[in-house]
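Work through the exercises below with the model open beside you. Try each task before you read its solution.

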Amino acid sequence: MTTIPVAGGAFTPYDVLVDTGLVSDVVSHVSPYLKNKRVLIVCDANVDALHADGVVAQFEAAGFKTFKTVVPAGEQTKSWEGLETVTDAFVDAGLDRKDVVIALGGGVIGDLTGFAASIYMRGIDFIQIPTTVLAQVDSSVGGKTAIDHPRGKNLIGAFHQPRKVLCDLDVLSTLPAREIKCGYAEVIKYGLLGDKVFFEWLEINDQKVLSLDTDAIKYAVARSVEMKAEIVAADEREGGKRALLNLGHTFGHALEAEVGFGDTLLHGEAVAIGMAMAFRYSARAGLCSKADADRAVAAIAQSGLPTTIAEIRNAPFDADRLIEHMGHDKKAEGGKLVFVLARAIGEAFVAKDVPAADIYDFLLTEGALARLDA
Ligand SMILES: NC(=O)c1ccc[n+]([C@@H]2O[C@H](COP(=O)([O-])OP(=O)(O)OC[C@H]3O[C@@H](n4cnc5c(N)ncnc54)[C@H](O)[C@@H]3O)[C@@H](O)[C@H]2O)c1
Ligand SMILES: O=C(O)C(=O)C[C@@H](O)[C@H](O)[C@H](O)COP(=O)(O)O
Ligand SMILES: [Zn+2]
């Protein structure tokens with residue numbers, strides 16, 4: 001088993017376990033945190049059908065009073081309505097401040113359950129059991145929890161760290177290929193933002209990772225979590241270097257908001273396009289070589305992920321509207337857009353001085369349209 005501590009920050013340290021067989025032995029991994037002998041599990045309908053019964057049965061067999069709350073699958077559940085469903089379930093179950101809830105699912109469930117836990121009785125503990133590649137490599141670690149607002153991604157949320165994270169590689173076997181690719185987008189992000197050696201390993205081993213080869217997926221998850229843990233420990237609240245984890249997200253979140261948060265464009269796909277755009281913009285601005293930008297884009301495309309807005313159903317997009325969405329990005333300061341750009345593969349940096357007019361021109365070169373509604 002690989003154990004990655006998330007420690008050193010101004011929060012209670014916790015471990016991320018990466019291995020097979022964690023979910024089939026869930027009680028022994030989490031029972032030290034469940035002092036009330038009671039547990040509430042939140043999952044979505046897909047995970048309920050595939051993995052929840054086994055988890056519930058183990059807790060019941062161990063004498064835990066077990067509650068399960070099932071919400072609809074998909075990004076639209078990261079909403080006020082989804083939050084109401086989950087917090088209502090906490091109230092109905094009579095949870096108190098010593099209770100601990102479990103998020104069993106992808107990033108939608110982790111973000112939603114974590115946010116509900118952060119506000120219920122002003123904060124109760126939660127444990128992450130991420131069931132997608134994306135959630136294992138990224139969303140289950142680091143304590144960003146949120147729901148979306150129609151005008152911007154993750155606009156309503158809180159920092160609330162989990163008490164433990166179980167990344168069980170077995171549960172990934174039921175994931176659709178499209179979702180594995182989405183997770184891969186956040187994996188390659190780590191190489192692109194800060195580890196060229198990892199990026200080069202991914203260039204060679206991407207098909208192994210995507211086919212969930214045991215050694216390859218284990219290494220990819222562990223290396224990703226290790227990088228995220230180090231960044232989060234140094235900068236939990238995104239005062240500085242944590243923003244690097246947002247590579248591709250200023251563009252990506254704007255595209256997600258514009259298509260209305262749903263199946264048309266999944267988060268990982270938006271990030272893939274956003275990272276390609278960040279590298280193309282960096283090359284255009286003379287910040288990084290065209291060779292590095294081309295190589296980054298090629299590596300993303302090689303995994304089957306989109307790299308251009310033209311690949312999104314419902315394209316084209318209105319450049320002004322995309323810039324308006326970017327104005328709601330949490331990195332924006334004093335009305336100025338902030339981007340994560342690159343000097344090279346593995347050398348991302350936060351750029352606070354990017355003129356909106358340049359971004360507008362760049363968006364036109366990317367296929368966005370000038371004032372569709374004029
Ligand atoms: N908090 C963070 O730091 C952070 C980081 C990255 C992404 N996110 C957020 O995470 C969300 C995306 O997460 P996601 O890609 O996991 O999406 P998701 O939670 O919607 O899961 C993707 C799909 O896979 C299904 N699924 C989950 N586990 C499965 C399994 N084992 N087998 C079969 N199907 C399964 C789900 O039902 C869903 O249909 C976005 O809202 C994004 O903003 C948050
Ligand atoms: O953990 C972080 O920090 C990240 O930025 C990880 C991102 O992959 C993730 O999508 C995150 O939710 C984006 O955060 P936001 O603050 O831009 O909403
Ligand atoms: Zn992301």
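The exercises treat a predicted model, and each one has a worked solution.

**Exercise 1. Find the annotated domain.**
Task: state which residues the UniProt record assigns to a domain, and describe that span.

Solution: 
- Step 1. Start with the record. The unreviewed UniProt entry places "domain: 3-dehydroquinate synthase N-terminal" at residues 69-181.
- Step 2. Look at the ends of the span. The end C-alpha atoms of residues 69-181 are 28 Å apart.
- Step 3. Look at its make-up. The span is 34% helix and 30% strand.

**Exercise 2. Account for Lys-331.**
Task: find where Lys-331 lies, then name its side-chain polar contacts.

Solution: 
- Step 1. Locate the residue. Lys-331 is in the loop between helix H12 (319-326) and strand S10 (339-344).
- Step 2. The relative accessible area of Lys-331 is 6%, so the residue is buried.
- Step 3. Follow the side chain. It makes a polar contact with the side chain of Asn-246 at 2.7 Å. Another goes to the side chain of Asp-329 at 2.8 Å.
- Step 4. Set aside neighbours within four places in sequence. The contacts of Lys-331 then include Glu-238, Thr-250 and Val-340.

**Exercise 3. Describe the largest cavity.**
Task: give the volume of the largest cavity and say what lines it.

Solution: 
- Step 1. Search the whole structure. One cavity of 30 Å³ or more turns up.
- Step 2. Take its volume. The largest cavity has about 80 Å³.
- Step 3. Go to the lining. It has 13 residues, and Lys-153, His-253, His-325, His-328 and Asp-329 lie nearest the centre.
- Step 4. Trace the elements. Strand S8 (152-159), helix H9 (249-259) and H12 each give at least two lining residues. H9 has the largest share, with four residues.
- Step 5. Sort by class. The lining has four nonpolar, five polar and four charged residues.

Conventions. Residues numbered from 1 in each chain as written. Chains lettered and ligands numbered in written order. Predicted model: local features only at pLDDT ≥ 70, side-chain atom pairs only at ≥ 80, totals over all residues. Heavy atoms only, no water. UniProt positions renumbered as here; feature names shortened; annotations may be inferred. Buried < 20%, exposed > 50% of the residue type's maximum accessible area, 1.4 Å probe, protein only. Polar contact = N/O pair within 3.5 Å; in protein donor to acceptor, adjacent residues only side chain to side chain. Contact = heavy atoms within 4.5 Å. 1 Å grid on protein atoms, 1.4 Å probe; cavity = no way out; pocket = protein on both sides within 12 Å on 5 of 7 lines; lining within 4 Å. Points joined across faces, edges and corners; volume = space filled by probe spheres on them. Nonpolar A, V, L, I, M, F, W, Y, C, P; charged D, E, K, R; others polar.
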